[in-house]
Amino acid sequence: MAKISFVLNGKTVEFESDLNRRLLDVLRDDFNLTGPKEGCGEGECGACAVLMNHEIVNSCCTPLANVIGKSITTIEGFASTKRYVVIKDAFAKTGGVQCGFCTPGMIIATESLLNKNPHPTEYEIKIGLSGNLCRCTGYNLIVEAVKEAAKNGEGLW
Amino acid sequence: MIFLKDISTPINKVDNDEKMSGKAKYVADIKMEGMLYAFTVRSSIVKGRIVSITYPKIPDGYFVVDHRDILGKNIVKVIYEDMPVFTKNEITYLYEPISLLVGPDKEVLSTLVNQIEIIYEEEEPVFDWVDSVIHYHFEKGKGFEVFSDKEIIEYTYETSYQEQAYIEPQGFIGYPEKDGKVTLVGSIQCPYYVKNAVIQALGVRDDQVRVIQAMVGGAFGGKEEFPSLLACQLAVAVQKIKKPIKIIYEREEDMLVTTKRHPSRITLKAAIENKKIIALSANAGIDAGANIGLSGVVLARALLASTGAYTIDNIAVSGDVFKTNTVPNGAFRGFGAPQMFFAIEMFIEHVAKKIGVDSLDFRRSILAKQNDLTSTKGIFRDPILMPEMIDKALEVSDYLRKKDEYSKSKDFKGIGLSLFFHGCGFTGSGEKNVIKAKVRLKKELDQVYILIAAVDMGQGVKTSFRKLVAHILDIDIEQVIFNNPDTDFVPDSGPTVASRTMMIVGGIVARAAKEVKERWNEASFVVEKQYEQPEYIEYDEATFTGDAYPAYSWGVNIVEVEVDKLSYQVHIKKSWSVYDVGKAIDERIVIGQADGGLAQGLGYGYLEVMNHKNGKILQKNMTDYIIPTAMDMCPMETYLFDNPYAYGPYGAKGVGELSLIGGAPAVAKAIENAINKNVYKIPVTPEYIMELMNDGEN
Amino acid sequence: MVNAFVPKNLNHCLEILNDQNVRIVAGGTDILIQNRSHTSMLIGFKSDVVYIANLEELNKIYEDDEFIYIGSCVSLEKIIEETKVPKLLRDTILEMASPAIRHTGTLGGNIGNASPAGDSLVSLYVLDCELEIKSYNNTRRVMLIDFIQGVRKINLERNELITKIILPKAEFTNSYFKKVGPRLTDAISKLSFSGAYKVNKKVITDIRIAFGAVSKTIVRSKEIENRIIGLKIKDIAGMVNEIVSWYEPLIKPIDDQRSNKEYRKEVALNLLRDFLRNLEG
């Protein structure tokens with residue numbers, strides 16, 4: 001057991017835990033944040049994606065020990081921002097949400113991309129989404145959603 | 001107030017916000033107090049029997065649940081009932097379920113599972129397709145034999161497994177309610193399939209089982225009948241232990257043990273006279289795996305598609321379901337049609353090549369037309385817009401010029417075209433004789449509740465049905481309520497399968513809505529309606545005669561590819577699709593379905609590899625089972641043709657499966673065009689392309 | 001009971017390695033999956049672990065006149081962004097995995113894993129990569145080609161840690177990496193190819209060629225490269241098949257769930273042939 005401290009969705013959290021845990025389990029089991037999902041458990045599908053120091057990581061293969069002192073944002077935290085509103089309106093407009101299981105991860109990927117690159121080309125968007133699998137949409141409507149969000153970003157990114 | 005003009009005009013999907021914000025609860029997200037977990041104990045041999053099982057000492061609060069705890073029947077209720085809930089001692093496939101270990105701490109459960117000792121007596125497994133358990137055959141016209149003196153062209157085609165790879169793995173939570181009632185919440189397509197299976201396994205009354213659909217993260221047929229097995233196992237455990245129990249498969253377990261698309265081998269023969277096909281023979285074999293389940297219906301649907309989008313007057317069709325000692329196969333979007341359409345589309349192409357005619361002209365000359373007889377001597381009663389749809393596809397893709405250019409160039413570029421249909425609704429007399437779908441609309445003051453068992457698994461049923469009812473009643477969509485189906489509150493409107501939901505269930509809901517509209521001044525009431533088959537639909541399942549489907553949706557796919565000369569990898573450049581689904585209840589939703597279905601069809605055709613070795617699936621996770629990513633997917637252009645069907649709401653026909661059917665043959669033909677070699681199996685992997693380039697020599 | 005150590009600094013880490021029997025975990029993207037147990041359970045490590053990803057000393061990139069030094073825990077994505085790093089390596093890393101994995105994955109981790117399909121390894125071999133290895137009372141340097149001894153076999157003592165990836169500065173006329181995977185991204189390679197060369201007055205003065213996933217370790221042959229050095233570009237054009245035949249016996253791939261040996265071999269040699277045919281200058 002060790003003392004863990006990091007910033008979670010904007011608030012500092014401090015608690016004791018075994019260090020050898022996946023961040024995904026800490027978020028879902030300890031903090032009831034079920035936005036990040038387990039789709040594959042091996043860093044392949046991106047359904048578990050969160051932002052760590054504002055960059056996308058797969059929480060299913062991020063050990064808790066590596067999170068100490070960092071800032072973690074899950075979809076629940078991101079959903080209270082202005083940027084989220086632009087992204088979610090874009091996804092709704094293009095039809096980029098079907099079953100929704102990949103969607104929080106896709107939105108996290110979108111934010112991670114636009115945060116570094118506010119005006120990505122289509123190719124750069126596809127690279128940005130390359131670690132997020134979707135089985136329902138065939139991706140094009142999601143790529144269109146990211147384009148739409150970038151277009152409507154207006155200085156937010 | 002949402003003002004809906006044309007019903008097809010898209011609206012924001014009603015469940016977007018909860019899904020995007022992370023608030024939507026899928027079954028793994030649900031927690032209950034005092035919840036226990038379950039691990040499944042599975043066979044480590046392929047075939048044989050269990051001689052003895054020795055469990056370690058089971059601590060207090062932990063339980064073993066197996067066949068001895070089944071108070072009802074130890075058989076999962078599916079179309080053909082041969083799958084046990086827990087095997088007693090016979091093992092017929094690797095990882096066959098033996099028991100559940102249930103308890104509060106997963107670390108303890110994991111240790112206990114590892115301490116179980118099972119002694120088996122192994123037998124020689126069968127992997128070859130030799131044990132035919134279902135055989136069908138039928139003919140039309142003069143059959144095929146009488147033409148055996150003509151020029152005969154014959155080819156055999158093979159398709160492999162396809163894994164649904166829904167991003168949300170399978171799972172349930174089960175819990176006891178008052179008086180021995182068992183409630184199950186799960187990621188499912190068919191609440192009543194699950195309920196009826198559980199009733200049979202528990203041996204209880206109808207009102208003692210309740211099934212609630214959780215938010216579903218993708219299904220594609222993989223959650224059509226498999227969940228019934230999982231639900232029965234869990235329900236037996238809940239009935240015994242009387243505590244809430246959660247069982248969620250992790251990806252590896254899901255991939256190794258759940259149902260997949262049936263592999264197939266199809267031999268087609270054509271009798272040729274004057275450069276025309278005067279008779280066709282089709283013989284199909286599919287691999288059911290260790291249990292038959294619904295394999296008979298998969299075979300039937302495949303055989304019904306044996307003449308493709310074409311009319312051929314004389315046919316002899318036969319097929320077999322083979323039993324092997326591999327994981328049982330089951331439903332997957334398309335349900336036998338993708339296998340057959342790959343074969344027939346490639347066959348027509350290969351025949352045209354062999355007899356020296358242009359394949360597109362050849363296909364146009366035999367395209368099915370309104371009033372033609374179907375393969376089972378039913379009638380294509382509705383207009384078929386395929387000639388115009390083909391023209392549209394050719395125009396937007398510049399197909400003819402490209403095909404010609406790519407055939408001549410050494411560039412390894414290619415373009416391919418596929419023509420296909422999908423029979424909407426349950427095959428044969430299922431709707432009338434078996435399902436007998438019922439729906440209810442409940443009006444309470446100014447709100448209307450849609451009470452049906454149809455599941456929204458991403459295909460937008462919640463949005464399209466609320467839209468449908470709001471449009472008919474001319475009220476705000478906010479006044480229409482559609483909660484996740486709960487068998488305590490909704491009648492059995494049938495399973496969410498077979499592209500039947502909008503056409504059939506929506507059709508009944510529309511009729512009910514019209515009555516609600518007439519009675520709108522009444523404060524509160526319930527309208528119940530049942531499926532009424534149009535009188536003209538008559539089908540004899542035993543002889544495969546008559547109208548197998550009430551309606552057909554049609555499609556054209558064109559796919560352009562480039563094959564890498566060094567690595568033989570296939571890059572899909574673009575696709576163009578034209579579909580007739582009658583009428584889109586929401587155009588954006590239909591386009592989404594079209595994109596997603598084509599992505600799966602393409603994956604089936606060139607990318608997704610799954611095979612078994614000695615009964616073990618070799619690709620057991622998302623690392624090894626390769627589905628397309630955003631980088632792999634091509635831009636897609638889709639066009640919808642309106643062709644209203646009289647018995648579908650606003651003219652709607654089936655949508656869900658159509659767009660998967662044509663992807664594999666289109667991409668396979670594009671690759672043929674690029675490399676100038678015939679393709680006989682899918683997926684057309686780089687390894688296979690290399691073999692073809694080396695003329696089968698390695 | 002598995003213990004976890006989170007050292008305060010490099011020195012502390014080396015002490016731990018000296019005193020304990022521990023498994024080193026950097027980003028975790030490989031190790032957590034190799035040791036996976038089940039949802040909500042502790043990671044299934046079979047020995048104690050030490051977490052090094054956040055050690056400041058291992059997270060720097062710098063250079064001197066001769067070399068570029070990359071800390072073993074610098075994230076793959078940071079390496080892509082750092083223009084000091086040779087283009088060949090940056091291009092290679094961009095083809096690996098996905099953005100999420102590149103944000104926490106490290107070269108130290110890739111090397112420690114020593115997978116025969118490791119993409120970064122192929123280009124690191126071409127770049128004559130050296131490693132700095134530290135233990136509590138020793139620092140040594142070793143060539144990567146000597147460090148990796150077999151499938152997941154490395155020349156690392158129990159108390160040692162990879163601290164730096166050291167790349168000799170070199171100028172190339174051109175460099176080229178090609179990954180052949182089952183799809184265009186986010187996949188383990190079926191095979192890969194990395195090549196770099198320098199041309200002076202139409203003569204090859206330096207050439208390096210390496211293949212991944214076609215043998216137990218990365219395939220590179222200085223002996224064959226020396227036969228090519230000194231040749232004129234136009235002479236090489238006529239010798240391509242001969243050069244390919246020199247490499248042929250070194251390419252010994254296997255069949256697995258991803259591909260088969262015939263494909264891997266033929267495509268590897270196709271890539272080599274294409275590389276040799278397109279030498280510039």
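Buried area is the accessible area (1.4 Å probe) that two parts lose on being put together, summed over both. By that definition, chain C and chain A bury about 2600 Å² between them. Carbon and sulfur atoms give 53% of this area. The model is predicted: local features need pLDDT of at least 70, side-chain atom pairs count only at pLDDT 80 or more, and totals for chains, interfaces and linings use all residues. Residues are numbered from 1 along each chain as its sequence is written, chains are lettered from A and ligands numbered from 1 in the order in which they are written, and side-chain values use heavy atoms, with hydrogens and water left out.

**Chain C against chain A**

- Contact (heavy atoms within 4.5 Å) takes in 35 residues of chain C and 33 residues of chain A.
- The interface holds 2 salt bridges, each a side-chain nitrogen of Lys or Arg within 4 Å of a carboxyl oxygen of Asp or Glu.
- Glu81(C) pairs with Lys116(A) in a salt bridge, with the closest N and O atoms 2.9 Å apart.
- On chain C, helix H2 (31-34), strand S3 (48-51), helix H3 (76-81) and helix H5 (99-104) each supply at least two residues to the side that touches chain A. Helices (H or I, at least four residues) and strands (E, at least two) are DSSP runs, numbered from the N terminus.
- H5(C) gives the most to that side, with 6 residues.

**Two domains within chain A**

- Chain A splits into domain 1 (2-78) and domain 2 (82-152), with bounds from an automatic or database domain assignment.
- Their centres, taken over C-alpha atoms, lie 21 Å apart.
- The contact uses 18 residues from domain 1 of chain A and 16 residues from domain 2 of chain A.
- The two domains bury about 1400 Å² between them, 69% of it on carbon and sulfur atoms.
- In domain 1 of chain A, His54(A), Ile75(A) and Phe78(A) lose the most area to domain 2, together 40% of what that side buries.

- Glu55(A) and Lys116(A) form a salt bridge through their side chains (3.2 Å, N to O).
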